[in-house]
Amino acid sequence: MSLSTSTFDPVDLPAPRVDEAWAEQVAAERWGLAVTARGLGSNQDANFLLSAGAEPVAVLKVSNPVFGLPEVEVQDRAADLIAEAYPELRICQVLRDDAGAPQRAVVNTPDGPAVARLIRFLGGGTLFDRGHVSPRVAARLGEVAAKIDVALARLDDGGATVDGVDRELQWDLRFAAQVLDALGGALPEHRRAEVLAAGAAAWRQVARVADDLPRQVVHLDVTDDNVVVDASSGLIELDGVIDFSDLTRTWTVSELAIAVSSILHHPGNDPVDVLPAVRAYHAVRPLSAAEADALWPLVVLRGAVLVASGCHQTALDGDNDYAETRLAHEWRICEQAMSVPLAVMTALVREAIGLPVDRPAPPLAATQLLDAAGAEVLDLSSTSPLVDDGAWREAELVERLVAAHLQRGHRVVAARFAEARLAGTTEPTQEPPATVATGVDLWTTDPADLRAPWGGDVRVRDGRVVLVGEGIELVLAGAEVAVADGAVAPGSLLGRTRPGARLRVTVGRNASSAPEAVPSAYAAGWLAQLLDPAPLMGLEPSGLAEDRTRERLLQRREKTLAEVQEHYYAAPPRIERGWRHHLVSDDGRPLVDMLNNVTVVGHAHPRVAEAAARQLRVLNTNSRFHYEAIVEFGARLAELAPEGLDTVFLVNSGSEATDLAIRLAMVSTGRTDMVAVTEAYHGWTYASDAVSTSIADNPAALETRPDWVHTVPSPNPYRGTRRGADAVAYGPEAAAIIDRLAAEGRPPAGFIGEAFYGNAGGIALPEGYLQAVYAAVRRHGGVAIADEVQVGYGRLGEWFWGFEQQGVVPDVIAVAKAVGNGSPVGAVITTRAIADAYRGAGYFFSSTGGSPVSSRIGLAVLDIIRDEGLQQNARDVGGHLIARLRELSQRHELLGAVHGSGLYIGAEFVRDRATLEPATAETHAICDRLLELGVVVQPTSDRLNVLKIKPPLCIDVAAVDFFVDALDRVLTEGW
């Protein structure tokens, strides 16, 4: 392609030298406005917010004197056109007088006549300083850019002349090469060559498809600086667009390239984070194949032009603070754009919008590189059966596995291409680790010849052999080199394997520049440039390069399982492995598990696994058979309960435990009425659901309670009707309700409540609460039930049972979750008299609760809690975590309170600490952002504004510090 050699509009465009006093005078003389003006800043125009008192009136926009009235008029026409096409968008339209005439005028400035006009003020601020750009906001940016292009296509009627848009602007990426030629000298000398080389490479790729790129009138500056947001919902809602001063006719895809480039300077955002914007744009205005191929090169060119222009502008107009402060952000954009090879990002763009990806074809192989047929192929993925304990640091794991297989007589051991391997460490990182292998690894027992599968040129650098043929590179790392630089024929000896040492084989376009492993988010782009070396060695292809098991599995889940059987997160990670307080995703990344109170002693505890495996090899049946394990387990539970609670039922789950506890209260008293606490959850069976009043779990919970369920107010000392010291009144008030029920002839069979107020966010009950309530229910012959399903088993640190914190003893304890460390077993512990009363309601048994395997697992869990000091760990590590979170709340207003004890904690987010308005939307977004940073946590409470923090009790200080540091980062950078 060729470009006109004419000079684009002048690069030297310092903003008009006008100040706020001048703006106030113009507003008064031209439009009769008595206002105050505040400068808003711009690279080349002058903008002022005009206000009458505290109320914004308009924006006074003074265009650069080099732009005349035709340019300004078409900008106003474009704004009106978009507003008409998409009324849901706020657009900075020119204000009009009562006669409908635009309020604009030519005014004198120190730099000559300029067009000034009053523009609609759009409140809310721009996206520029809103911190991290989430996938949702990125997608909205792409959608808005597409809608603007669709609307402006009507202005451009097939390329007809439109006065004021056929310009040659320095921001028009058609002229990027010329801008870099003209302004590249302004770049710092130590960075100039890198930026200009990246720009030249990007320009070459654009030039190949330039003739196929559609053109139209575009805004050309739909960036985070020029999109306006509304954050009143607690989340950033991008709903407005300002500044049409760069309106021009150019390649339409430039709009998207410029928009997504502005994401790159935001904290925590990487190149891959633009893909939601690309998908959303494509959904509104489909991209052509040529546009997909041009997009990332144009992003690179945008970054290069920004820094070249920014350096030039600050030198030209040194007192322009706006341009000066933007330069650091522009460097970040440029660096990010250059950080990933063009081919990799282009492949990711194509995949994101469903276009075929150009994959390399291997040269015809005349011979095998190596005969590895029959090799033992290792599985190093997160689902590997070869990894049976926590020693999954990759180097140690591979060394151990390879040595074992070689000792068993395997001649060759190999690890697979494109495999997402265990990350190489059990320590999580806030940035996704590089886990996807870009080549095949091999180990041999004896030296084996490595021969050129095709002819080509060889380079030997840093001990690596690189064979290049037909544009494809074959890279051997770790071989004993047997060749020098130069041309080689097919079958030539390249080197030999070193016995017991790793040989890495990589094949593809520019394979020599490929890292050994890449993060999974970039894997599709990298793998599109590479080939599986396995066939060159007589091995079966791995087939993993095309595998998308996470997405396919989610689709199958949603097709097969009931919709109400929900999963965490809208886009959930696939979790197939755990170890202690870590979960491991299918891309091999370890995540800190701050959520899992089910696995109380930690994931994959070897003693639990051994107990289950040993018993499964002997016997597993239902609990009506006579065997030792159920007796031992029941006796251990009774020993842990207060004196008098000496009889145990074993069940399958927490729901069954609370259901049975309620039935025991009913049959032992001959009554059916129950008293429950609002904002509580007890299970999903009929009876446990009936007393569950949390509207988070059931929005109609209060309206659909059966008439035998009576509620007492939520005893929440933070946000309830009685707060702080006044919360002690909750107990007597609940007792009064129970007394009133009895007086009305409906004395309750029992009271059920969480012994530590979990569903509301891990809040301790007010002092004396259970004493008052238990006394009232017993006064009328009822039964006191402690729901210990979540807090029992030492989670609170100071107390093994939650009711101990209140200094009471219940009549019935319901416990589960921790009991089986995730296996289906729970328990109800009560008195012999209450238990015997159940005989009148029939018989009881539970198939898996109390089975031999469940009982042995239950015994192992109790042993581990005792032997490993996990209750003390909950106290110590939990105390450290609570202290750190409370320190965090002193620096971040959104974190309104930290509740809890031990490792049962709630971090409550509020928009206002006086009104306690819940920050529900923010809490969900914070959880999503924390997942990106390597932490699994979810919201709880009826308002879903509390982080429920209840990790395995084996968690250590390093892990909770990782969590708090990540949370601090999210609250600082945004979500």
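Modeller: Helices (H or I, at least four residues) and strands (E, at least two) are DSSP runs, numbered from the N terminus. Strand 11, residues 376-378, is one such run, and Val377 belongs to it. The model is a predicted one, in which local features need pLDDT of at least 70 and side-chain atom pairs count only at pLDDT 80 or more, while totals for chains, interfaces and linings use all residues. Residues are numbered from 1 along each chain as its sequence is written, and side-chain values use heavy atoms, with hydrogens and water left out.

Val377 is partly exposed because its relative accessibility is 42%; buried means under 20% relative accessible area, exposed over 50%, and partly exposed in between (1.4 Å probe, protein chains only). Apart from residues within four places in sequence, Val377 is in contact (heavy atoms within 4.5 Å) with Ala414 and Arg416. Ala414 stands 37 residues away from Val377 along the chain, yet their C-alpha atoms are separated by 4.8 Å.

In the largest nonpolar core, which has 149 residues, Leu442 and Leu474 touch the most other members. A nonpolar core is a set of buried Ala, Val, Leu, Ile, Met, Phe, Trp, Tyr and Cys residues joined through side-chain atoms within 4.5 Å. Helix 8, residues 289-316, provides the largest share of this core, 15 residues. Apart from this core lies another, of 89 residues, including Tyr757, Leu765, Leu930 and Ala966.

Some further sites complete the setting. Ser254 is placed in helix 6, residues 253-261, and counts as buried because its relative accessibility is 0%. Residues up to four places away in sequence aside, Ser254 touches Leu173, Leu220 and Leu298. Glu324, in helix 9 (residues 321-338), is partly exposed, since its relative accessible area is 43%.

Another glutamate, Glu908, lies in strand 36, residues 904-909, and is buried because its relative accessibility is 1%. The side chain of Glu908 makes a polar contact of 2.7 Å with that of Arg719 and one of 3.3 Å with that of Asn945. A polar contact is a pair of N or O atoms within 3.5 Å; within protein, one must be able to donate a hydrogen and the other to accept it, and residues adjacent in sequence count only if both atoms are side-chain atoms. Leaving aside neighbours within four places in sequence, the residues in contact with Glu908 include Tyr718, Leu894, His899 and Val946.

As for the whole, the protein has 24 helices and 39 strands. Of its 975 residues, 58% count as buried. The C-alpha trace spans about 100 × 90 × 40 Å along its principal axes. Among contacts between residues at least 6 apart in sequence, 75% join residues at least 24 apart; the pair Val377 and Ala414, 37 residues apart along the chain and in contact, illustrates such a link.
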